[in-house]
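Here is a short briefing on one protein chain. It covers cores, charged pairs and backbone geometry.

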Amino acid sequence: MIPKEKEISYEEFMEIDINSDNNLEFIDGKVYLLAAPSVAHRMVVTNLSAEFRNYFKNKDCIHFVAPFDVVLKDEEKIHKVQPDLTVICDKKGLGEQNYTGVPTLVVEVLSPSTASNDFIKKMGIYMKVGVKEYWIISPKNNTVHIFTLKEDRFYSEPTIYSKEDVVKSIIFEDLEIKLNDIFG
């Protein structure tokens, strides 16, 4: 059973998560059930994953596709999220079932049910723990917003790309992807 509004501890969440067949996230003491993604959502993730696979092949960083649990710890709380794509360069936190640490790059593909979490809650957590680059992709609008962590530990205003553009990572300087190839 998933508690609706009550905050719970990470330990209580882990008991729920272990006994659940659902994909769950744990953000700020609350449990979120992830709905099955749409075809457009899945197509964007699949296409971007293929681009990441080619780019990161024979490099020190690796990427993972959801469902893949990422455990993030800030000064106050522990969170468990499942970004659509996660790029990890510090592999010390890789376990058999998840990653505990700070990914270098995180990609979230918007769904109607998760958009506010992606833009507000998750962005705040990613910024707080130090995720260097955060991409938010809208399959509906064919856009990519890229936020980069600045020295003051806040995200920059986003660089926004649309379907006809070539997206360019700030962290991985030679990572360039034609968005026509992603949005299809």
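**Packing, salt bridges and backbone**

Leu48 touches Leu85, Val107, Trp135, Ile137, Ile177 and Ile182, leaving aside residues up to four places away in sequence. This is a predicted model. Start with the cores, then turn to the charged pairs and the backbone.

**Nonpolar cores**

- The largest nonpolar core has 24 residues. Leu48, Phe52, Val107, Trp135 and Val144 touch the most other members.
- Several elements each supply at least two residues of this core: helix H2 (39-56), strands E6 (85-88), E8 (105-109), E9 (133-138) and E10 (143-148), and helix H4 (179-183).
- H2 gives the most to this core, with six residues.
- In soluble globular proteins, nonpolar side chains tend to be buried together.

**Thr148**

- Thr148 sits in strand E10.
- Thr148 counts as buried because its relative accessibility is 12%, and the cut-off for buried is under 20%.
- Its contacts are Lys132, Glu133, Phe154, Tyr155, Ser156, Ile170 and Ile171, not counting residues up to four places away in sequence.

**Salt bridges**

- The count comes to 10 salt bridges.
- Side chains of opposite charge can pair when their charged atoms come close.
- Glu25 and Lys122 meet through their side chains in a salt bridge, at 2.7 Å from N to O. Glu25 lies in strand E1 (residues 24-27) and Lys122 in helix H3 (residues 115-129), so this pair ties together parts that are 97 residues apart in sequence.
- Both partners are buried: Glu25 has a relative accessible area of 2%, and Lys122 is at 3% relative accessibility.
- Glu108 also forms a salt bridge with Lys122, with the closest N and O atoms 2.9 Å apart. The pair links distant parts of the chain, with Glu108 in strand E8 and Lys122 in helix H3, 14 residues apart.
- Glu108 is buried too, with a relative accessible area of 2%.
- Which residues form a network of salt bridges with Lys122? Glu25, Glu108 and Asp118 are linked with Lys122 in that network.
- Lys128 pairs with Glu75, and the closest N and O atoms are 4.0 Å apart. Lys128 lies in helix H3 and Glu75 in the loop between strand E4 (69-73) and strand E5 (78-81), so the bridge ties together parts that are 53 residues apart in sequence.
- Lys128 counts as partly exposed, at 33% relative accessibility. Glu75 counts as exposed, at 66%.

**Backbone geometry**

- Most residues other than glycine have a negative phi, and most peptide bonds are trans.
- The peptide bond from Ala66 to Pro67 is cis, with omega near 5°. Pro67 is in the loop between strand E3 (62-65) and E4.
- Asp28 is a residue other than glycine with a positive phi, near 50°. Asp28 lies in the loop between E1 and strand E2 (30-33), and is partly exposed at 29% relative accessibility.
- Asn58 is also a residue other than glycine with a positive phi, near 65°. Asn58 is found in the loop between H2 and E3. At 77% relative accessibility, Asn58 counts as exposed.

Technical notes. Residues numbered from 1 in each chain as written. Predicted model: local features only at pLDDT ≥ 70, side-chain atom pairs only at ≥ 80, totals over all residues. Heavy atoms only, no water. Core = buried A, V, L, I, M, F, W, Y, C linked by side-chain atoms within 4.5 Å. Buried < 20%, exposed > 50% of the residue type's maximum accessible area, 1.4 Å probe, protein only. Helix = DSSP H or I, 4+ residues; strand = E, 2+ residues; numbered from the N terminus. Contact = heavy atoms within 4.5 Å.
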